[in-house]
Amino acid sequence: ATTHAATTHAKIPSTCLPRVLALCDLRHLDLRGANLCRRDLSGALLDETTLLAKADLSGAVLNGARLPASLRDVRLCGCNLTFADLRRHDLSGADLRGASLEGALLPQTLHRARLDGLDLTGFDLTRTDLLGASLVGVAFPARQLPVLLEAADLTGCDLAGRQMRDCNLRGAVLRGCCLSRADLSGADLCGADLRDADLESARLDNAILDGVETRNAILTGTRLALTTC
């Protein structure tokens with residue numbers, strides 16, 4: 001039987017929660033900022049009345065758990081989210097580093113999400129809004145990249161030969177990125193950080209480059225026709 005252990009938005013210290021919460025009814029609980037690392041939440045019931053903002057679920061077992069739509073600023077590091085349907089979840093500011101996302105369905109808005117080091121080669125991110133997201137060392141799809149990358153941190157990413165036409169990269173950090181042969185035609189790079197980036201033979205036709213930092217960048221063979229600076 002499902003365990004009922006909640007009153008309307010009861011605030012329960014995470015130290016008082018058992019390690020195993022499998023099949024528990026966690027509705028109406030205020031778990032904001034709670035430390036739920038490595039807890040077993042298999043089959044647990046959480047809904048819109050479960051407050052999880054800034055909770056730490058790193059390494060938690062979530063098999064079959066019903067997660068609330070709002071997962072803003074929740075730490076999900078190392079969680080197994082294989083084949084999870086997250087399209088209607090708010091993952092703004094969520095930390096997904098080290099999470100297993102094979103076969104998962106992601107929402108189209110991932111503002112400020114931390115996705116560092118993830119393999120996203122199997123995802124269609126062309127319409128995903130990654131405003132302010134941390135994407136350090138992420139492996140992206142072979143050709144087409146997201147077009148909404150304003151203020152995103154792409155430090156050290158291998159983007160060689162990628163199709164990035166008309167991308168919004170305003171204020172993005174592209175430090176140390178490999179952008180050789182990338183097509184950045186029409187991209188908005190206003191205020192972007194391209195220090196130490198490799199832009200050899202990249203296309204920047206009609207790109208907006210106001211305030212771009214290119215110290216120590218490799219610009220050999222870069223095409224800049226009609227670029228706005």
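**Reading glycine and positive-phi positions**

Colleague: Where is Arg 112 found, in terms of the strands?

Modeller: Helices (H or I, at least four residues) and strands (E, at least two) are DSSP runs, numbered from the N terminus, and on that scheme Arg 112 is found in the segment after E4. This is a predicted model, in which local features need pLDDT of at least 70 and side-chain atom pairs count only at pLDDT 80 or more, whereas totals for chains, interfaces and linings use all residues. Residues are numbered from 1 along each chain as its sequence is written, and side-chain values use heavy atoms, with hydrogens and water left out.

Colleague: What is the phi of Arg 112, and how accessible is Arg 112?

Modeller: Although Arg 112 is not a glycine, its phi is positive, at about 60°. For accessibility, buried means under 20% relative accessible area, exposed over 50%, and partly exposed in between (1.4 Å probe, protein chains only); Arg 112 counts as partly exposed because its relative accessibility is 39%.

Colleague: Is Arg 181 buried or exposed, and where does Arg 181 lie?

Modeller: With 55% relative accessibility, Arg 181 counts as exposed, and Arg 181 lies in the segment after E4. Arg 181, not a glycine, has a positive phi of about 65°.

Colleague: Which residues does Gly 93 touch, not counting those up to four places away in sequence?

Modeller: Contact means heavy atoms within 4.5 Å, and with that sequence exclusion Gly 93 touches Asp 73, His 111, Arg 112 and Ala 113. Gly 93 is found in the segment after strand E4 (29-30), and Gly 93 is buried because its relative accessible area is 15%.
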